[in-house]
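Student: Please take a close look at the aromatic rings in this model. I would like one connected account of how they pair, what else lies against them, and then how the chains meet.

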Amino acid sequence: MKLFAIFVVRNKTQPAKALAEAKDVSSFGFFQRSSVGEFMTFMAQTIAERTKAGQRQSIEESNYIGHVYARTEGVAGVVITDKDYPTRVAFGLLNKVLDEFTTRYPNIDRLVPSNSPSSSATEQVCSYPELQQYLVTYQDPKQADTIMMVQRELDETKIILHKTIESVLERGEKMESLVERSGELSTQSRIFYKTAKKQNACCVIS
Amino acid sequence: MDRSAEFFSTVESLRSRAQPHIAPDTRRLISPIEQQQSCGLAPGLNAATARPKSEFALMASLINRDILTTAGKLQKLARRKYLSLDELIFIIKQDIAKLNKQIAQLQLYLREQGSKSGISTGKQVQEHNINVVLMLQSRLAAQTSAFKDVLELRTENMKATKDRREQFMFTTHQQADAFPRDSPLYNFDRRPSSSTNPPRDVLSLDLSTPFQNLQQQQQQEQVQLADSSNQYLESRSTAIESIESTLQELGGIFQQLAQMVSEQRDMVQRIDANTEDIEANVTGAQTELLKYYKYVSSNRWLMVKVFAVLVSSAVTMSVLS
């Protein structure tokens, strides 16, 4: 389950422009890396263009899936993963990233006018270094997604509880044996007492 | 239906809170001017102290104005029930965040000013500035709490209207609209634009039937559009349901555990009673044995004495005869 890239794309104007990105191409061979990176950027821009505001989509392409969520402000987030990555976690990550981005740069239209041709200007304006960090943490969806963490802890707790119940059953058996033994001891001690009493009562031994 | 009275009361309270904003605003603008006029001692010192003060006053008045505009937006939010609520909510949230930042900047500026000028700004002026900042912060906090109240009222009202509509509406419309309408009720912070459309469609469906075909088309389109986000939301809800069922199982397991332990409590009590019996018996037997031992040892001692006396008497008798 791998997460390949996260993009924040502006899709209010066609053609869409990538505002912030973070890529992890370490799993590909050295010579393929740049082409794969370009392909992912192109794919992100294309999907963002074709998504209306307020819509979520998951698009499958060869062996990648691109999850895209477009917001009403005109920015869309795209996450490119492989097929096994759970969709829910991808959209959760998109929500989080886009919320942060829009609170940090609320007036994206003012900062990046639609007719600016150079992409270097946008990269200077919208710096979002946490994207790389998110990319790293979300590589393992079980660690990053809260719902999955809760589920995992609950499962562990259930296993522990099963073991506890087994040990309680063992304790029950041991208690049974203890009850028996203490009963036997009790009768034997009673006999002992009676014999001792009898000793004292009648015969005088010379 | 009856919640509109609560809305109006909130609006009245906001309005009464908004009015005192204006008076201190003008007072603060006047005070640096008065202070400039009053301390005419050293013009150089005057200019130096007056400029940072009026800057501070400017920033404070700006913040106050922003708070006022946010209050105005909040009033609009309270009045207009369904139309552009999500955008307004988002705008108000952003304004509040911005105001927070501005107040923090003002505080930093105040501290820098205090460390830079040192003696020239009097202690009272510093205190006054600090008080101004505190007052701005408290006002902002009051605004946010009013905002939260309005949002809660809005959810309650929407739920009430939804219940009302469910009583009177046909089931087909319900099925088409139920899911997109759920999202603004349950996910407050998401702002899908499709959420604002269905209520309007429902209203228009209630009123006039000639527009039904067009509205149905729009509805279907929105259902398709909402479908992909529905899928995501459905997956989330299934995940949370599975968590809920796991929790229920855990609860059952804990109950079983408690029951088993309480069953074993009876066995523990039996063991306790048995061991107490054993202890009593054994101590009793020990006492008996002690008695016997004493008896036995004492008897021998007596016997020895008696035997000695007999022997001595037999010896004396033989000696005599």
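**Aromatic pairs and their surroundings**

Tutor: Searching the whole structure, which is a predicted model, gives nine aromatic pairs over all chains. One of them joins A:F30 and A:F31 in an edge-to-face arrangement, with 5.7 Å centre to centre and 75° between the planes. The angle is over 60 degrees, so the pair counts as edge-to-face and not as tilted. Both A:F30 and A:F31 are exposed.

Another pair is made by A:F39 and A:Y64. Here the centres are 6.1 Å apart and the planes stand at 45°, which makes the pair tilted. What does this pair tie together? A:F39 lies in helix 1 (residues 33-49) of chain A, while A:Y64 belongs to strand 4 (residues 64-70) of chain A, so the pair ties together parts that are 25 residues apart in sequence.

Are the two partners buried or exposed? A:F39 has a relative accessible area of 30%, so it is partly exposed. A:Y64 has 9% relative accessibility, and therefore counts as buried; the cut-off for buried is under 20%.

A:R56 lies over the face of A:Y69, 4.3 Å from the ring centre. A:R56 lies over the face of A:F91 as well, in this case at 6.0 Å from the ring centre.

From the rings, turn to the contact between the chains. Chain A contributes 47 residues to this contact and chain B contributes 44 residues. Together chain A and chain B bury about 4,300 Å², of which 67% is on carbon and sulfur atoms. One salt bridge is found across the interface of chain A and chain B. A:K158 forms a salt bridge with B:E249, and their closest N and O atoms are 2.7 Å apart. Polar contacts between chain A and chain B come to seven residue pairs, counting those with both residues at pLDDT 80 or more.

Which parts of chain A supply the side that touches chain B? Helix 2 (87-104) and helix 7 (146-201) of chain A each supply at least two residues of that side. Helix 7 of chain A gives the largest share of the side of chain A that touches chain B, with 31 residues.

Note on methods. Residues numbered from 1 in each chain as written. Chains lettered and ligands numbered in written order. Predicted model: local features only at pLDDT ≥ 70, side-chain atom pairs only at ≥ 80, totals over all residues. Heavy atoms only, no water. Phe/Tyr/Trp six-rings, centres within 6.5 Å; stacked < 30°, edge-to-face > 60°. Buried < 20%, exposed > 50% of the residue type's maximum accessible area, 1.4 Å probe, protein only. Helix = DSSP H or I, 4+ residues; strand = E, 2+ residues; numbered from the N terminus. Lys NZ or Arg CZ within 6 Å of the ring centre and 35° of its normal. Contact = heavy atoms within 4.5 Å. Buried area = accessible area lost by both parts, 1.4 Å probe. Salt bridge = Lys/Arg side-chain N within 4 Å of Asp/Glu carboxyl O. Polar contact = N/O pair within 3.5 Å; in protein donor to acceptor, adjacent residues only side chain to side chain.
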